[in-house]
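Welcome, and please open your viewer. We will walk through this structure stop by stop, selecting as we go.

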Amino acid sequence: MNPRQPRLLYLVTHPMTARLLLRGQIEWMQQRGFEVTVITSTVDEPAAPEDASYEVRRVPMAREIAPFRDLLSLVRLVREMRRIRPDVVNASTPKAGLLGALAARLAGVPVRIYTLRGLRLETATGWRRRVLTAAERLACASVHRVLCVSESLRRRCLELDLCAPEKMIVPAAGSSNGVDVERFAEVSAASTEGLRTELGLYGGPVIGFVGRITHDKGIEDLRTIFESTERALPGSHLLLIGGAEPGDPVSAATGRWIADHPRVLDLGQVDDPAPYYSLMDVLAFPSKREGLPNAPLEAAAAGVPTVGYRVTGTVDAVEHGVSGTLVDAGDVEGLASSLLGYLEEPELRRLHGRAARHRVAERYGRERVWDAFATEYRRLLDEASEVEPAPGRSPYRRFGKRALDLTLSSIALLIGLPLLLTVALLVRMRLGRPVLYRQRRPGRDGKPFTLLKFRTMTGATDERGEPLPDEQRLTRFGRALRRWSLDELPELINVLRGDMSLVGPRPLLEEYLERYDREQARRHQVRPGITGWAQINGRNAISWPRRLELDVWYVDRVSLALDLGILATTCRKIVTGEGVTAAGHATMPKFRGASGDST
């Protein structure tokens with residue numbers, strides 16, 4: 001009997017991504033033995049050719065931040081995944097990446113992959129940047145592997161502390177789908193001339209732009225650049241390919257300029273941009289953020305050099321001084337000057353165009369990228385098949401407890417996002433930076449992890465530079481956060497990462513590990529919890545021996561009914577404020593050891 005084909009599920013937000021940015025890859029994966037399904041949003045636009053041999057399913061997904069709609073999308077995605085029962089989920093694009101990663105984890109998909117195509121947060125500010133940063137960290141924490149489409153994108157993720165280094169790889173030399181070099185290189189002179197006549201592109205050089213007509217893509221800068229070029233070379237044309245996007249629109253003035261300028265030709269979205277690159281003398285690419293942009297790679301395949309900003313992703317797609325020219329981000333004059341240099345020096349343009357074609361063929365061929373993806377799918381599937389559940393544990397301990405953690409923490413984060421942001425803002429205003437308190441704590445089996453909480457204390461020190469006692473640093477505002485357990489909210493991220501559980505012994509200090517006796521040390525046989533049996537039976541108001549005894553009692557009796565009861569009682573305890581502090585102390589006194597004084 002032949003084993004069934006592994007089921008591969010691609011999940012993207014917009015149908016255009018599936019239709020254009022996965023072109024050829026899905027069929028190639030089918031030929032390599034994968035049964036493929038695609039999930040995309042319900043936009044009234046095809047996600048696949050009419051004769052496609054794979055199934056496309058639709059789930060509503062908003063591109064912009066919409067907590068309640070996102071929660072509904074998450075529920076629907078979990079339901080679809082349980083129906084499809086994929087072995088591998090590859091989720092990409094920001095919203096589908098986050099919701100797809102969470103849904104795959106909740107649905108128990110064996111291999112979960114997030115293809116990171118870029119970081120919207122790079123050009124965001126304020127609360128939006130904080131939300132996008134949290135979303136990226138959440139998506140990365142929910143998967144087994146993050147496939148970064150370029151090396152500079154991987155480095156940027158490390159700089160921003162978005163993902164564990166060991167989770168991130170760059171497939172092949174980068175890219176999410178590679179480039180069909182022959183399709184862009186082999187456009188006939190006759191078809192080029194016919195298209196030029198049809199569009200009326202005579203009488204001057206043609207500057208091209210391919211991408212979304214948005215602020216982040218640098219369209220406002222492109223307007224200034226073209227106006228400068230037009231003054232030096234009257235008769236120049238600007239050819240725009242790509243649709244507008246309501247979530248990041250250009251200014252009304254720029255929109256009118258594009259519509260009214262006689263030498264600006266806006267073609268909108270086209271299914272096949274290959275013939276249009278042959279019309280361009282140079283590609284202008286003033287994008288402010290990328291993962292690995294397709295337009296410079298496609299232009300390179302067509303033998304067209306690119307001028308662009310030196311930003312994440314673009315620095316991988318364009319080799320400065322070889323396949324194009326890069327200037328510092330925001331240097332509009334420098335970009336305009338570089339563009340003019342190519343238009344006035346045809347030999348330089350041809351030299352860099354030939355080098356660009358050679359480079360893209362060598363590094364970004366489609367089959368090379370697809371093979372890297374397939375190899376990673378197979379490797380992770382092999383690893384997943386080797387993992388066996390630990391013997392002697394109940395189904396709830398083995399599977400159910402983690403499923404409950406993922407479900408409830410995901411819902412709590414999505415619904416509670418406004419509260420999280422409000423508390424973060426108040427902490428920033430009242431206590432300053434950093435907003436989050438981070439500390440290494442021992443987790444399951446004593447393995448350390450970084451605990452996340454909102455700050456509740458000031459950084460005040462004495463004349464020797466030593467921190468003042470807790471009761472002097474704990475402000476009235478900090479007491480209020482502790483009273484209502486709001487300082488614990490970031491620990492939901494620890495739960496999603498797998499560091500913690502919703503219910504379990506509280507994570508204590510690393511220095512206590514050597515002070516436990518053998519029985520007390522058994523508290524580390526399970527993941528530490530945000531709340532626990534000791535929390536609802538006295539919290540910080542009971543003695544250390546009693547607290548540790550209650551922790552071990554819980555370890556021996558873990559069950560669904562017990563966890564649900566603890567969660568329900570915790571909610572009541574938060575309302576009453578019972579046991580928040582130990583008598584005579586602002587916080588819990590230190591544990592001195594099984595036989596030592598802990599007061």
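Helices (H or I, at least four residues) and strands (E, at least two) are DSSP runs, numbered from the N terminus. The model is predicted, so to speak of local features a pLDDT of at least 70 is needed and side-chain atom pairs count only at pLDDT 80 or more, while totals for chains, interfaces and linings use all residues. Residues are numbered from 1 along each chain as its sequence is written, and side-chain values use heavy atoms, with hydrogens and water left out.

**The whole protein**

Start with everything shown. The protein has 23 helices and 17 strands, and its C-alpha trace spans about 90 × 70 × 40 Å along the principal axes. Of its 599 residues, 54% count as buried; buried means under 20% relative accessible area, exposed over 50%, and partly exposed in between (1.4 Å probe, protein chains only). Among contacts with a separation of 6 or more, 71% join residues 24 or more positions apart, where contact means heavy atoms within 4.5 Å.

**Into the core**

Next, select Leu74, Val146 and Tyr277. These touch the most other members of the largest nonpolar core, which has 130 residues. Such a core is a set of buried Ala, Val, Leu, Ile, Met, Phe, Trp, Tyr and Cys residues joined through side-chain atoms within 4.5 Å. Color helix α4 (residues 94-106) too: with 8 residues, α4 gives the most to this core.

Select helix α8 (residues 189-199), where Thr192, Leu195 and Arg196 are buried. They lie on the same side of α8 because they cover an arc of only 105° around the axis, the arc being that of the directions from the helix axis to the C-beta atoms. Turn to the other side of α8 and you find Ala190 and Glu198 exposed. The buried residues of α8 pack against β8 (206-210) and α11 (274-277).

Most residues other than glycine have a negative phi, and most peptide bonds are trans. Go to Ser175, in the loop between β7 (168-169) and α7 (181-185). Ser175 is not a glycine, yet has a positive phi of about 95°. Is Ser175 buried or exposed? With a relative accessible area of 2%, Ser175 is buried.

Compare Asp445, in the loop between β14 and β15 (448-454). This residue is not a glycine either, and its phi is positive, about 60°. Asp445 counts as exposed, at 55% relative accessibility.

Then pick Pro434, in the loop between α18 and β14 (436-442). The peptide bond from Arg433 to Pro434 is cis, with omega near -5°.

**Last stop: a surface patch**

Finally, select Leu425, Leu426 and Met429. Together they form a nonpolar patch on the surface with about 290 Å² of accessible area, an area that comes from the Shrake-Rupley method with a 1.4 Å probe, with only the protein chains shown counting as cover for residues. Patches are made of residues with over 30% relative accessible area and no salt bridge; like charges are joined within 9 Å, and nonpolar side chains (Val, Leu, Ile, Met, Phe, Trp, Tyr) within 5 Å. A salt bridge is a side-chain nitrogen of Lys or Arg within 4 Å of a carboxyl oxygen of Asp or Glu. Leu425 sits in helix α18 (residues 417-431) and is partly exposed, with a relative accessible area of 45%.
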